[in-house]
Amino acid sequence: MRTLMRDLWGDSGAEDDGTPESWRMIWVPPAMPRRRLSGPYRGAGRFSKRLVFSQWAVAPKSISILVSNRSQSLARDAARSVRGDSWQPLRYPLRPGVRKESGSLSKVWTWGMAYPSWVLAELGDVTGYTRRTGQSLPVDPDEQRRDVAERLRPRLAELAERFGEGRGAVDARWYGVAGVLLDRLAATVSGAPWVGPARLGLVGSLPGNSEGIHAHLEALDDPGTLGAQPDDLADRLAQLALAAPGVCALRALAGVESGDSSEQWSDALRWKPVRSGALRIGWAMLRLFDRAEIQAAIWAGFQVDHGRRLAEEDPESRSQAYLRAALDQCLAGDLDAVFSEYLHQIGEAVGMFESGRGTDAMTRVVDEVVSALTIKTANQQLRPLTVQDGRVMEAEPEKMPCRFALRYGDAAATDQAENRSEMVRTAFNSPFWPFALATTSAGQEGIDFHRYCRCVVHWNLPSNPVDLEQREGRVHRYKCLAVRQNVASTWGPDVRVWQSHDPWKTVFRIAEEAVASSGAGDEMRPLWVWSPDSGDGVRIERRVLPLPLSREQGQYGRLVRMLGSYRMAFGQPRQEELLAVLGPDADDADLARAAMIDLTPNDPAASTGPWPPERPGREGRSSGRPRPVSPPGR
């Protein structure tokens, strides 16, 4: 267990070993960041989630409890070192509400995080910024933020004349309503019909009574007369333009919808289904930030670059300070690039690239993102044992919240358990928590866990190489994390990628063209397998945790040899496992080719001899590559 924890976040308190402190992060860093990473994400570009397999039914529950508990303990200690020893998570710090005493709306300023303003999306677009300034990716986020702030100031002055008194007390509602007012003013100037936030369908997608949320959305569109603008309004809106969840989701959804076309992207930003989906995602992110374990991780991440900052006295000020810390994390971890990478994968999975613009595909994409963000924290029951009067007694069960690590597959085969398993799989295939997933054979076959995981941990070894292959096959799939990280390092610097609103569609198109032109193209590269020529790419990683002096230490060598033979028979050996089978002195490639079964389709056009080709007998076996026997044209 300690080895698994060190593998996930390094050895806290020891000398830096290069392993990122993942308990400070909320999502997996993007494989192709568009802004420079900072805070806990700095140097974590090759981080991967962990998929843990065990033959013991009790192991997944134990792993999820202990790993989650330890990560939460580390985050809480860090949060208290930032905010003071008395720090406790706030109750719904970012949830807009209605004050019981006066009936007035509270925390209107939080809507700046959730509302998808298309004006802010265009101003904070890194693609347009690189075209205008000539900078290369990743750009300096502070420089871009200052650029956006300067471009915002004249627009905010116009808003102050139209909606503000310009005197009196500072009105914090400006942080929440400014994005809406900017969009409304832009729609008026262009003559386009205005669809306010209350008509974007958020209330209808929420469970339970949402009258308070509807009142908030109506007030965003018609806030009445506002007080004086805060002095830092331009700077705050600039940061929202770069990293607010609603704005980032809007840019990413529009990019998946439109592809490389700047004109179509600009139109997609204003399309109601895109705006509606982005608002739902922004709201789901607010709910994620409200969770106690996420609050601790946010302050732990804040500590990396900002150090200690004592807590404010009143709850409203503490909530506003937490919002600023959450927004800092969004910018430090380049949430913009995270959503772009994530939504590209979902969009391709639901067929958006083939079907084109359509509300059904857009809804399916948004539904999956919201499901991953809103999965409930699992409360596993721990039954502690005590000793009383010389007898071992079972004490009252304790609930242990699990979010950083979860288990997949429940013992009870019920509809509720299957629904929970599907939600866990969706969450693990997202960039967000959980960062570790523990399972048994329930997750071994027919399930994909490859989007953000390239590291398989074997808590104990299977009995045969086929099961070992099945386990590792869960993360070795189409456009898996290892492939994306290697493709990004190879073709990400291409200027066409910098200037694309769907950079992942562009980079894979460039990669396929480059591989095909080199003559090395096939149906596997670069979408299923790719390693850069420099040799410094990432790989699918295997972690084996045998107990000292156990039988598994000897069993592992036997399994690797059998797995090498199994793969070699079908022409797909891994180099180190092939060498383990052939021996350390084996360097004859003909020996390896002679042992392979070649399933490569034949190219009849390249054949000059009779068809079907003659098959050599045992004595005349060719040392070259055997040709398959199949009729021409297949």
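Which helices and which strand each supply at least two residues of the lining of the second largest pocket? In this predicted model, they are strand 2 (97–98), helix 8 (202–205), helix 9 (211–221) and helix 13 (272–290).

Figure 1. The lining consists of 26 residues. Those that lie nearest the centre of the pocket are Arg-95, Leu-206, Pro-207, Trp-283 and Arg-287.

**Figure 2. Lining of the second largest pocket, by element and by residue class.** Helix 13 gives the largest share of this lining, six residues. Sorted by class, 13 residues of the lining are nonpolar, six are polar and seven are charged.

**Figure 3. Crossing of helix 7 (residues 174–190) and helix 10 (residues 233–243).** Two packed helices are described by the angle between their axes and the distance between the axes. Here the axes of helix 7 and helix 10 come within 10 Å and cross at roughly 65°. Helix 7 is therefore roughly perpendicular to helix 10. The crossing of the two helices is right-handed.

**Figure 4. Residues in the contact of helix 7 with helix 10.** On the side of helix 7, the contact is made by Trp-174, Tyr-175 and Ala-178. Helix 10 contributes Leu-233, Arg-236, Leu-237 and Leu-240. By class, six residues of this contact are nonpolar, none is polar and one is charged.

Notes. Residues numbered from 1 in each chain as written. Predicted model: local features only at pLDDT ≥ 70, side-chain atom pairs only at ≥ 80, totals over all residues. Heavy atoms only, no water. 1 Å grid on protein atoms, 1.4 Å probe; cavity = no way out; pocket = protein on both sides within 12 Å on 5 of 7 lines; lining within 4 Å. Helix = DSSP H or I, 4+ residues; strand = E, 2+ residues; numbered from the N terminus. Nonpolar A, V, L, I, M, F, W, Y, C, P; charged D, E, K, R; others polar. Axes fitted to C-alpha atoms, helices over the stretch in contact; angles between N-to-C directions. Parallel < 35°, antiparallel > 145°, perpendicular 65-115°, else oblique. Left-handed = near helix turned anticlockwise from the far one by under 90°. Contact = heavy atoms within 4.5 Å.
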